Amino acid sequence: MSDLGWGLALVGRGEEVARLEEALGRGRGGDPCAVLVAGDAGVGKTRLLAEASARAAGAGMTVLTGHCVDLGDVGLPYLPFVEVLRGLDGDVPAGHPAVERLLRAGGGAAEYAGELPDSGVRLRLLEDVAALLGDLAERAPVLLVVEDLHWADQSTRDLLRFLLSRLLPQRPGAAAHQRLTVLVSYRSDDLHRRHPLRPLLAELVRLPSVGRLDLRPLADEDVARLVRGLDADPLPEDTVRAIVERAEGNAFYAQELRAATDDTAGGVPSGLADVLLSRIEQLSGTTQRVIRTAAVAGRRVEHGLLRDAVELPDDELETALREAIGRHLLVTAAGDTYAFRHALIREAAYADLLPGERVRIHAVFARLLGEAGRRAGSSAERAHHHRASHDLPGALAASIEAADHAARMGAPAEEMRRLEAALELWDVVPGARELVDSDDVTLMLRASAAAVHAGEAHRAVAFARNALDRVGTNADPDLEVTVRYTLASSLMSVDNLQAAFEYSSQALAMIPAEPPSRTWLWAAATHVKAAYYLKDDETARRIGRQVLAVADELGTDDALADAIISLTGLEWAGRQALDGRERLRQARELARKSGNVTIELRALFSLAMGSYEAGLLDESLRWLDDGLELGGRTTPSTSPYSLEMRYLRAQLLYTAGRWDEAVAMVPAQVPSAFRHVAEAAIFVPLGRGEPGVRERARALFDAQPFNWLGVLVGGLALTDEAAWRGDTQGAVDWARRTITELAEDLNPYPDAGVRLAALALSAIGDATIELRAAGDDEGAAQEVARGREFIERARTTASWPGRRYPRSGPEGVAWLLRAEAEWSRVCGEADVELWQRTVEAYGYGNVFEQARCELRLAQALVAAGRRDEAADPVRRARETAERLGAVPLRDAVDAAIRRARLGGPTPAPAGAMELTAREREVLELLAEGRTNRQIGEELFISAKTASVHVSNIMAKVGASGRTEAVALARRSGLLTDR
């Protein structure tokens with residue numbers, strides 16, 4: 001019998017092989033790329049990658065392979081890349097930084113941790129690995145294969161993100177610069193909704209050099225070919241058909257079922273687990289012992305470790321291994337190791353162990369891994385084995401050691417998990433404090449800090465609260481202060497500002513300002529930030545000035561930077577002013593000098609916001625690019641500043657008219673506290689008239705817990721969407737509700753109220769013009785009264801005395817002018833000059849709103865009898881609408897052109913002659929002046945459905961209101977005389 005497929009030609013994967021061949025060719029030619037290979041367990045991912053690796057090696061490429069391993073909650077940091085380095089066998093000098101950091105971080109390279117703070121160590125490590133691949137690629141093209149990414153630790157995921165984000169497409173005519181191809185496999189059936197790999201995959205597939213290859217089950221005929229090719233002797237066709245039916249396109253299942261036909265007395269086992277166990281049970285007793293021991297070790301195990309664990313003479317062990325390999329249960333792997341040929345074999349063998357066996361063998365591995373001379377990084381494995389063997393003191397000590405190891409390697413998520421595992425054991429391990437030379441409160445604070453670095457804000461709060469609950473038994477006053485300001489800082493990250501202020505106040509009250517100390521300094525800096533966010537500006541100024549002096553005296557650059565950022569809006573004219581932005585640049589440099597990534601990101605975000613508020617969109621985008629690049633290298637993509645920068649960048653791109661780029665900025669998945677980031681580009685589908693916007697915006701508006709940005713974005717979208725549909729009451733209601741929800745004491749940007757008022761006034765103006773055209777002066781007067789509420793709201797908000805920033809930036813000025821100009825429409829005036837000023841005000845870079853105002857300007861010019869002057873603004877508005885794909889604006893412009901006959905042949909309304917039968921019925925009733933409710937009653941449909949039909953009719957005939965729709969339909973011959 002053959003070796004179960006590994007020596008055969010690949011079956012049924014011609015297209016997939018061609019796709020990978022193309023990727024290999026691109027890499028060899030200096031156009032780097034990556035392919036993510038997804039598929040169910042056993043579908044053939046490993047076999048396909050083996051084929052690609054063989055072809056790459058045959059073409060002269062250097063093939064580097066690393067595997068992720070399932071060790072439960074252990075998660076060895078950077079494991080596949082450690083395996084790659086071990087497989088180089090001296091091809092890289094021992095002193096290379098990547099070798100030092102990854103292979104010797106557990107001991108010999110501990111001094112590296114002293115060079116930089118955690119984020120700096122992590123960044124250096126990422127850059128070292130990238131540099132190593134670059135060095136290798138200069139010698140020969142490189143293929144990097146990473147298998148089973150679904151089992152990867154977060155540090156591995158972050159390193160892979162770092163590498164793939166730097167695969168730069170080759171420019172035409174440019175010399176080859178990165179001769180690298182990356183192939184990554186993962187089990188798609190393992191990715192549940194909250195699997196940590198899902199957000200990374202969504203991010204990676206957006207990169208220009210990254211593609212995805214879904215490995216589908218094999219066709220039945222291909223499975224049959226595979227099964228027939230496994231043995232020189234022909235199989236009975238009924239056996240082949242049975243295997244094909246049970247395998248369901250899974251190559252591994254087919255091979256296992258085929259192998260079982262030789263080992264069982266006829267028939268096929270009822271389930272794959274039975275098949276796998278039946279194959280194991282055909283082995284000799286010694287080989288079964290070796291297989292089951294290896295299963296406790298994990299997917300792969302070193303020869304020496306396995307030898308010591310089974311305690312067999314070398315000749316007996318070798319005989320057993322030879323049998324296991326011959327039966328295709330184990331395979332030899334790089335670095336003197338053995339691996340299960342498929343994870344399912346290992347899982348079946350492990351599940352078949354008796355409980356007592358499992359405990360005993362785990363204890364053996366824990367003891368062996370604790371011996372001197374075992375490989376670096378084994379502390380996490382030891383913690384896993386100690387716990388599984390019920391050795392809780394050993395598990396506690398190994399968990400702390402694993403957390404230390406993760407910290408040295410810049411892996412905050414793994415550090416947090418290891419500390420959490422240790423804390424779970426704390427109360428059940430006698431003498432825990434003496435055992436690990438620490439206390440539980442300190443470990444909780446450390447876990448909270450690691451959670452912050454890993455982007456787990458709510459976990460950080462939970463750890464800090466637990467520390468506060470425990471600190472009462474601790475007599476160290478510095479620790480009590482530290483717990484409280486740490487909790488305050490964590491609470492700010494989840495917008496619990498009042499509680500943050502209370503805890504930071506407690507911390508500051510517990511420690512004297514003299515003599516100056518770092519504990520007082522950070523407690524004070526935290527209190528300044530809490531006071532700033534809570535708008536207690538007097539406290540923020542007073543304490544902030546003290547922080548500036550003490551930080552300068554102690555030489556604590558990051559605390560100094562933090563205080564400068566907080567005081568910028570209070571002491572130096574705000575972040576939008578030139579002086580304020582210069583202070584923020586100073587803070588950024590201080591934070592960078594100290595290596596404090598979190599504060600540097602805060603400075604960059606403040607710089608971006610200040611530039612945006614000053615109307616300097618390009619400058620703001622440059623600061624955001626710097627921040628996203630820094631965050632991408634040093635923090636998870638779900639960290640608060642990374643998410644907020646993505647949100648702001650999407651908003652900026654939308655404003656600048658780069659709509660497709662704005663949509664691409666939105667991450668696929670975000671934490672619940674950042675729902676607004678997932679809808680950062682919602683104004684793009686709104687502007688394009690795409691379906692589903694109302695439902696998305698409503699879900700964002702109603703989401704709990706309360707998020708003011710979510711309410712603002714959702715409310716703006718709902719107000720504008722109703723206005724586009726001609727639903728004046730809906731626009732008014734949503735504007736009112738949003739303004740009420742965003743009370744002035746909650747809303748840090750009161751100019752948002754001006755924008756909401758302007759949108760409501762726009763809808764009211766449309767309704768008023770339609771009513772006047774229909775001769776309904778009473779109805780028009782009611783709309784004017786309703787509009788007065790909103791213009792007063794806009795004027796009051798703009799001059800609100802409690803505003804932190806006394807002057808509005810260009811955006812606020814433009815929206816206030818817009819509100820005044822829309823009010824002029826409500827009042828029946830054609831204020832051309834006011835609309836001209838509004839168009840100019842949006843010239844700071846708001847492309848879409850400027851085009852909307854160009855249309856309004858053209859309408860005002862026509863109303864003022866200056867028809868000839870209206871042609872240019874209406875042409876510019878239509879060109880912008882076409883470029884953006886803004887269908888509602890384009891249709892409104894076309895309707896205005898037809899109505900005012902503004903030069904040349906008038907565009908035909910889109911779909912004017914394509915009314916459905918139901919829409920024709922609705923149109924007839926609309927012409928009789930029926931309301932939506934009356935139309936619904938007549939046609940036995942709901943008023944809401946009638947409203948949808950009316951909106952569709954208006955869009956198809958190119959009308960902006962119901963009366964105009966009837967008139968245009970009559971001129972087009974769509975109405976019969978009734």
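**Helix packing and ring pairs**

Guide: Helices H41 and H42 cross in a left-handed manner, where left-handed means that the near helix is turned anticlockwise from the far one by less than a right angle, and right-handed that it is turned clockwise. Helices are DSSP runs (H or I, at least four residues), numbered from the N terminus. This is a predicted model in which local features need pLDDT of at least 70 and side-chain atom pairs count only at pLDDT 80 or more, while totals for chains, interfaces and linings use all residues. Residues are numbered from 1 along each chain as its sequence is written, and side-chain values use heavy atoms, with hydrogens and water left out.

Visitor: At what angle do H41 and H42 pack, and how far apart are their axes?

Guide: The angle between H41 (residues 832-841) and H42 is about 165°, and the axes are 9 Å apart; axes here are lines fitted to C-alpha atoms, for helices over the stretch in contact, with angles running from 0 to 180 degrees between N-to-C directions. H41 is therefore roughly antiparallel to H42, a label for angles over 145 degrees.

Visitor: Which residues of H41 and H42 make the contact?

Guide: From H41 they include Trp835 and Val839, and from H42 they include Cys853, Leu857 and Leu861, where contact means heavy atoms within 4.5 Å.

Visitor: And Arg852, buried or exposed?

Guide: Arg852, which is in helix H42, counts as buried at 8% relative accessibility, buried being under 20% relative accessible area, exposed over 50% and partly exposed in between (1.4 Å probe, protein chains only). Leaving aside neighbours within four places in sequence, Arg852 is in contact with Asp720, Trp724, Leu759, Arg818 and Leu889.

Visitor: Switching to rings, how many aromatic pairs are there?

Guide: The structure has 7 aromatic pairs, counted for rings of Phe, Tyr and Trp (its six-membered ring) with centres within 6.5 Å, and called stacked with planes under 30 degrees apart, edge-to-face over 60 and tilted for the rest. One of them joins Phe605 and Tyr641, whose ring centres are 6.1 Å apart with planes at 50°, so this pair is tilted. Phe605 belongs to helix H29 (residues 597-613) and Tyr641 to helix H31 (residues 640-655), 36 residues apart.

Visitor: What about Trp659 and Phe848?

Guide: Trp659 and Phe848 form an edge-to-face pair, 5.3 Å centre to centre with 65° between the planes. Because Trp659 lies in helix H32 (residues 659-665) and Phe848 in H42 (residues 847-863), the pair ties together parts that are 189 residues apart in sequence. Both residues, Trp659 and Phe848, are buried.

Conventions. Helix = DSSP H or I, 4+ residues; strand = E, 2+ residues; numbered from the N terminus. Parallel < 35°, antiparallel > 145°, perpendicular 65-115°, else oblique.
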